[in-house]
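Welcome to this tour. Please open your viewer and keep the selection tool at hand.

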Amino acid sequence: MAERNPRELETRAKAERPKQWMPPQLLPDPNPEEGYAFRWIRVSTLGNNDPMNVSSKLREGWEPVKASDHPEIQLGGGGSGRFPDSIEIGGLLLCKTPKEFTEQRNAYFQRQTDGQMQSVDNAYMRDNDPRMPLFRERKSEVSFGRGS
């Protein structure tokens, strides 16, 4: 009869799946906060500051996220410059805003898009002739391979 090892000596470490290397994220995602949306805002490009973009986004309601509020995002160097206790990576600053603002912004741009589409349709349909009518179909189909 074969000798058996006591169960206390058996471990599941051998059965565990080996860990795989994965490339790091360039811009890590912060832990979600209830009622807030996050976005990376450009503060500089190739070392040149972009104050117009930053001030525009701040006026829209975006506010810099404090590094102390998100310790899960590891930073190599200390915060410097205009936003000392912030999270800045590669010229991008992590900011947050209430979700209501992003929903209102999305609704505003959807109205702008709808108005532009209606204007294009009106200009297009102006050239309509009953002998050869124009169609306003927005539905498209994608097919792959040979049709059967």
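**Stop 1: a space inside**

The structure holds one cavity of 30 Å³ or more. A cavity here is a set of points, on a 1 Å grid over the protein atoms alone, where a 1.4 Å probe fits but cannot get out, and its lining residues have an atom within 4 Å of a point. Grid points are joined across faces, edges and corners, and the volume is the space filled by probe spheres set on the points. Rolling a probe the size of a water molecule over the atoms shows where empty space is left.

Select Ile41, Val54, Lys57, Leu58, Trp62, Leu93 and Cys95, which line the largest cavity. About 40 Å³ of space lies within this cavity. Helix H1 (51-60) and E6 are the elements that give two or more residues to its lining, and H1 supplies the largest share, three residues.

**Stop 2: the whole chain**

Now zoom out, and keep in mind that this is a predicted model, in which local features need pLDDT of at least 70 and side-chain atom pairs count only at pLDDT 80 or more, while totals for chains, interfaces and linings use all residues. Residues are numbered from 1 along each chain as its sequence is written, and side-chain values use heavy atoms, with hydrogens and water left out.

Colour by secondary structure to find two helices and six strands; these are DSSP runs numbered from the N terminus, with helices (H or I) of at least four residues and strands (E) of at least two. Along the sequence the pattern reads β-β-β-α-β-β-β-α.

Next, colour by pLDDT, the predictor's confidence in each residue, from 0 to 100. The average is 81, and 82% of the residues score at least 70. Confidence is highest in strand E1 (residues 36-42), at a mean of 94, and lowest in E5, at 87.

**Stop 3: the cores**

Which residues make up the largest nonpolar core? Select Ile41, Val43, Val54, Trp62, Phe83, Leu93 and Cys95 to see its seven members. A nonpolar core is a set of buried Ala, Val, Leu, Ile, Met, Phe, Trp, Tyr and Cys residues joined through side-chain atoms within 4.5 Å. Buried means under 20% relative accessible area, exposed over 50%, and partly exposed in between (1.4 Å probe, protein chains only).

Another core, of five residues, lies apart from the largest one; among its members are Trp40, Val65, Ile87 and Leu94.

**Stop 4**

Go to Gly91, in the loop between strand E5 (88-89) and strand E6 (92-98). Is Gly91 buried or exposed? Gly91 counts as buried because its relative accessibility is 9%. Leaving out residues up to four places away in sequence, Gly91 touches Ile41, Arg42, Val43 and Ser44, where contact means heavy atoms within 4.5 Å. Draw a distance from Gly91 to Thr45: they are 46 residues apart in sequence, yet 6.3 Å apart in space, C-alpha to C-alpha.

Then pick Pro64, found in strand E4 (residues 63-64). With 26% relative accessibility, Pro64 is partly exposed.

Finish at Leu46, in the loop between strand E2 (44-45) and strand E3 (48-49). Leu46 is exposed, as its relative accessible area is 84%. Look at its backbone too: phi of Leu46 is near 55°, a positive value in a residue other than glycine.

Terms used
On a 1 Å grid over the protein atoms alone, a cavity is a set of points where a 1.4 Å probe fits but cannot get out, and a pocket is an open set with protein on both sides within 12 Å along at least five of seven lines; lining residues have an atom within 4 Å of a point.
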